[in-house]
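Me: I'm new to reading protein structures. Could you walk me through one, feature by feature?

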Amino acid sequence: MEFERSSQLVQQLETIDPLKDADNLVHFLKQIATEAQANSKFREILGQNPKFWITITKICSLTTEKLISGEIIVISILLWLVRVFRNIVATVTENQNKALEQEWNKMIEKILWYCLSQPESDVTIIRSGIQALSNLITGNNFIQEFVWSDFMNRNEFDDLLSKLVGHNDNTILSGCLVFIYNCIFENESRRKSLVTSDSGTRILQSLLDRAETLLEDESTQNFELIYAIFARIIESDLYPILFDSLNLSSSGQSLTRRQIILLKLLDSKLFSSDSTDISLSTCIYLLQIFDTICPQVIFSMQQVDIIDRENQPQEIEDTSILYTGLVLLLQCFGKLSQDENDKIRECLFKGGIIASSISLLVQADKTFPRATKAMSSSLQQGISEFSYIKRDIIKVIGNMAYNNNIREHAIFALRNLLINNSENQKLVKELEPIAPVQTDVLSEIGIKAQLENGGKIKLTTDSNKM
């Protein structure tokens, strides 16, 4: 049945002049697109007919030329041609290969460029076009490599994928994200080219610019797709390269807004699973960032002290990006320092996180009590940005102190910061207990520490020691 039906449709297409009988052509194209979408057997049989490829390719070439020359009457024909392309290659490897042989990808690109160049572009054609490209490469490693290599070697002016990613239509963005994810999902080389090529950098910058807005949009899964793409990049140990590529050395800022978004994505990935899956090189890189911004944060705190002491009507420099970056790094370190991976904890310890954290905590303790004094509203607003830093630092120090020979030094430092300081004591009270520490001494004398509801520690007798 499918064979007879497909042969009949192809014969009818062969007899139609696309420029003289556009309505009839659209009618048959619509039938092919609809049946190809619903019936995989129809797709396979139609794809086995050589006349189908010759006829459709000829029609597409002719109508594309007319469109580029300004004859917009062929728009409706191109819409259904693109939909035929989109549906005929879906999940059928042989059809994908034949479509590439006929250079359908190039014909689709011409159509997309035309639509994007129009003041009021037809988003329905663009949506179908990017979906067609996505279907063309899905599950076909050879075509993925061919098409991806082409897209990753574009200059700024012919970078179609970057242009599409920046489109304000969420459905178009969804098609782009699916295309990108399918290409990099199981391929380290393509992930690397996404991070290191100019075309890839433009794409990733655009995605970072849109990520936060999309997080609040529950009508699409675009944020989840963006997160999945960056998660693959993190897993491939490409995070440091990407982070560096987002640096704006001429701006004078230690961190950029895009780098902050990238830190948020890393933070989300670390807290999305019970175990951390970042490399030692990424851990070392995060420590380097931390070591860079810690002195700047301490300097900002000292400026608060000076302004407060001299009662100067001076505005505090906007430190929101610096503060946000520090908090995100502390949260990442808080998670990493809980990990059972000894190599990660050793990396943090050798990277000097204890010394840096304690220096930061000491300065914070000097600065924040002064925030309770009478001062200008602008000054209060400036230092309020650091209100949770002490709590996050204590979490990191506490986690690093667990089962570590630096424990006594960390406890002594915390004791000095807590004694006669109700504000710091309150911060510690707000910390949530994770697990009791079963020390060697307790084990030797047959006492077992347990964590009860409400966070209280209960000591019980270990029956095995009796």
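Reply: Helices here (H or I, at least four residues) and strands (E, at least two) are DSSP runs, numbered from the N terminus. This is a predicted model, where local features need pLDDT of at least 70 and side-chain atom pairs count only at pLDDT 80 or more, while totals for chains, interfaces and linings use all residues. Residues are numbered from 1 along each chain as its sequence is written, and side-chain values use heavy atoms, with hydrogens and water left out.

Me: Which residues other than glycine have a positive phi near 60°?

Reply: E103 is one of them, and E103 sits in the loop between helix 6 and helix 7. D237 also has a phi near 60°, and its place is the loop between helix 14 (222-235) and helix 15 (239-245).

Me: Are E103 and D237 buried or exposed, or in between?

Reply: The words have cut-offs: buried means under 20% relative accessible area, exposed over 50%, and partly exposed in between (1.4 Å probe, protein chains only). E103 counts as partly exposed because its relative accessibility is 39%. D237, at 30%, counts as partly exposed too.

Me: Back to helix 8. How does its length fit its number of residues?

Reply: The expected span of a helix is 1.5 Å times one less than its number of residues. Helix 8 (residues 123-137) has 15 residues, so it should span 21 Å; its end C-alpha atoms are 22 Å apart, which agrees.

Me: What do the buried residues of helix 8 pack against?

Reply: Packing is about contact, meaning heavy atoms within 4.5 Å. The buried residues of helix 8 include I125, G129 and L133. Among the partners of the buried residues are helix 5 (75-88), helix 9 (141-151) and helix 11 (170-184).

Me: Which side chain does T57 join in a polar contact?

Reply: A polar contact is a pair of N or O atoms within 3.5 Å; within protein, one must be able to donate a hydrogen and the other to accept it, and residues adjacent in sequence count only if both atoms are side-chain atoms. The side chain of T57 makes one of 3.0 Å with that of W104. T57 lies in helix 4 (residues 50-68) and counts as buried because its relative accessibility is 11%.

Me: And how many helices and strands does the protein chain have?

Reply: There are 25 helices and 2 strands. Of the chain's 466 residues, 48% count as buried.
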